[in-house]
Amino acid sequence: MSMNLKLFLLMTFTMLAFAGNSLLGRLGLASGLIGPASFYTIRMLSAALILAVIVLVQQKKLVLKGNFLPALALSGYAVLFTYAYIELPAGLGALVLFGMVQITMFLGAVLMGENPHVLKWVGMAIGCVGLAMFAQIGVATLSAVSIAMMAASGVCWAVFSLLGKTRGAPVETMTTSFLISVPIALIIYIWSGENFIEAERAGLVYAVLSGAVTSGLGYVLWYHLLPQIKSSTAAIAQLSVPVIAICLGALMLGETMSGNQIIAATIILFGISIASLVKS
């Protein structure tokens, strides 16, 4: 198998994993198969366990790196993501999430001293217009609170990613963040008053898969791929995630998009595409 084909297949699997997070969250939460606090806690615990095993296999000991701040950002992303998906369709949620991630990381890069190309500014501005349209649509057809939570989740994930770029050993750092996030998740779970024993078996399976496979393994694979591909390629590849999530949501959940939602989605993807295509 050629290296290019291998990279393509690994990238495809990674994007499917990212989209799978949205689908699994929606599958478990929309039909009430599992409570949001239970889903969130099991997801974080499953991811922490699989990542700890990976580090143990690679390093022969549990090497931990990082601190509380990335774990706090990770926890914010995960809990807001979960509660937003009680109401948001899988594809639209992924679109708001990844749109906000791209915009926040762009602004973060500017604050850290980068001087982006003018087309990046244009692309991000167009993306912001699309997100604003989504927020307006949400007031009438969806939950504006859910859209706000998903947007905030995207900000938290972008902060987690930016903090991770300043540290070495990404797998060890990510493992540390997930391990620290588990007690935070348990506190939220206890506070919620939920009992995961009351969840349906399918809901528990969705939560475990979201943690161990589409989060834990998906994130490890992504950080393995990043050094082998250009930043512009990585950014463009992530644009496929909302599209995949929308298609999977339509096929597996029967979700549909209104005309205005399609327009807003197109504007977001177009704007981020412009920003992603510029190398500098």
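Ser-75 lies in helix H3, where helices (H or I, at least four residues) and strands (E, at least two) are DSSP runs numbered from the N terminus. The model is a predicted one, in which local features need pLDDT of at least 70 and side-chain atom pairs count only at pLDDT 80 or more, while totals for chains, interfaces and linings use all residues. Residues are numbered from 1 along each chain as its sequence is written, and side-chain values use heavy atoms, with hydrogens and water left out.

Ser-75 counts as buried because its relative accessibility is 3%; buried means under 20% relative accessible area, exposed over 50%, and partly exposed in between (1.4 Å probe, protein chains only). Leaving aside residues up to four places away in sequence, Ser-75 touches Tyr-40, Ser-181 and Ile-184, a contact being heavy atoms within 4.5 Å.

Ser-181 and Ile-184 belong to H7, and both take part in the contact of this helix with H3. Two packed helices are described by the angle between their axes and the distance between the axes. The axes of H3 (residues 68-84) and H7 (residues 170-192) come within 8 Å and cross at roughly 50°. Here axes are lines fitted to C-alpha atoms, for helices over the stretch in contact, and angles run from 0 to 180 degrees between N-to-C directions. H3 is therefore oblique to H7, given that angles under 35 degrees count as roughly parallel, over 145 as roughly antiparallel, 65 to 115 as roughly perpendicular and the rest as oblique. The crossing of H3 past H7 is right-handed, that is, the near helix is turned clockwise from the far one by less than a right angle.

On the H3 side, the contact is made by Phe-68, Pro-70, Ala-71, Leu-74, Ser-75 and Val-79. H7 contributes Ser-177, Phe-178, Ile-180, Ser-181, Ile-184 and Ile-188. By class, the contact of H3 with H7 has nine nonpolar, three polar and no charged residues.

Thr-256 is found elsewhere, in the loop between helix H10 (240-253) and helix H11 (259-277). Thr-256 counts as exposed because its relative accessibility is 67%. Its C-alpha atom is separated by 9.7 Å from that of Leu-92, a residue 164 positions away along the chain.

For the chain as a whole, there are eleven helices and zero strands. Buried residues make up 51% of its 280 residues. Of the contacts in the chain with a separation of 6 or more, 88% are between residues 24 or more positions apart.

Definitions and conventions:
Nonpolar A, V, L, I, M, F, W, Y, C, P; charged D, E, K, R; others polar.
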